[in-house]
Amino acid sequence: MTETKITYFDAHTHHVYDADSDVLGVFQWMAHESFLEDFGRFFSVGIHPWFIQQWQLEQDLDFVRSCSQRSECLAIGECGLDALVATPMKVQSQIFEAHIDLALELQKPLVIHCVRAFTELFAILDKRERLPRIMIHGFNKNEETAMACIDRGFYLSFGADLLAFGHLQKTFQKVPTDRILLESDQKIQIIADVYHMAQSKRPTDQMIELVQQNFNQFYFG
Ligand SMILES: [Zn+2]
């Protein structure tokens with residue numbers, strides 16, 4: 001985990017980078033995956049809304065609680081709300097709230113997955129007196145939603161969709177420099193492409209330095 005030769009900081013990935021890679025990624029450990037004791041890399045852990053299994057929720061929450069105590073665990077998540085999955089929003093909300101509580105208790109940041117549920121998401125977060133540092137991962141919404149997140153102090157992490165969608169590139173250009181993170185998520189080996197796209201859309205920013213700073217600020221605050 002030496003930082004000396006790291007070029008790219010991948011804020012959210014399901015890919016395990018080699019130890020000698022020039023990418024430092026935060027691997028997203030999901031509660032339905034079995035944990036490797038000797039994993040030896042930075043990770044985040046949570047119950048992904050796609051994989052909520054109501055019949056074993058307590059075990060999954062225990063798994064998250066125990067893994068999250070480790071020093072390599074930098075954040076809680078990904079967790080959140082997804083209107084496209086069958087699990088009722090009420091159940092998703094309860095599980096999400098448990099992750100918020102854990103992040104506050106451990107003073108670790110929170111990585112959020114949100115699909116077509118920003119109204120519900122804001123309703124949950126806005127009623128809290130205290131919040132952990134928050135990243136919306138895989139952000140691909142419009143400028144209005146981006147600014148609603150920025151106003152709340154959230155970080156926005158951009159990935160594969162930044163390569164594909166002109167409207168998202170326009171939104172990306174409006175995001176304050178200190179809120180930008182970049183990620184590969186499920187796509188292997190795209191982080192350099194995402195950096196290049198980000199740089200081309202914001203030519204006056206030094207994307208490599210800027211993302212490194214924000215990554216450190218978000219994960220190590
Ligand atoms: Zn993910």
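Which helix holds Asn 214? In this predicted model, Asn 214 sits in helix α8, which spans residues 207–220. Is Asn 214 buried or exposed? It takes 20 or more other C-beta atoms within 10 Å to call a residue buried. Asn 214 has 22 of them, so it counts as buried. Setting aside the neighbours up to four places off in sequence, Asn 214 makes contact with Tyr 155, Asp 178, Ile 180 and Leu 181. Ala 11 is another residue to look at here: 203 residues separate it from Asn 214 in sequence, yet their C-alpha atoms are 9.6 Å apart in space.

Leu 181 turns up again in the largest nonpolar core, which has 56 residues. Together with Met 135 and Leu 156, Leu 181 touches the most other members of that core. As for Leu 156, its partners beyond four places in sequence are Ile 136, Phe 139, Ala 146, Cys 149, Val 175, Arg 179, Ile 180 and Leu 181.

On the α1 side, the contact is made by Leu 61, Val 64, Arg 65 and Ser 68, and on the α2 side by Ala 98, Leu 102 and Leu 106. By type, that makes five nonpolar residues, one polar and one charged.

Conventions
Residues are numbered from 1 along each chain as its sequence is written. This is a predicted model: local features need pLDDT of at least 70, side-chain atom pairs count only at pLDDT 80 or more; totals for chains, interfaces and linings use all residues. Two residues are in contact if their C-beta atoms, placed from the backbone, lie within 7 Å. Helices (H or I, at least four residues) and strands (E, at least two) are DSSP runs, numbered from the N terminus. Ala, Val, Leu, Ile, Met, Phe, Trp, Tyr, Cys and Pro count as nonpolar, Asp, Glu, Lys and Arg as charged, and the others, Gly among them, as polar. A nonpolar core is a set of buried Ala, Val, Leu, Ile, Met, Phe, Trp, Tyr and Cys residues joined through C-beta atoms within 7 Å. A residue is buried if 20 or more other C-beta atoms lie within 10 Å of its own, exposed if 12 or fewer, and partly exposed in between; C-beta atoms are placed from the backbone.
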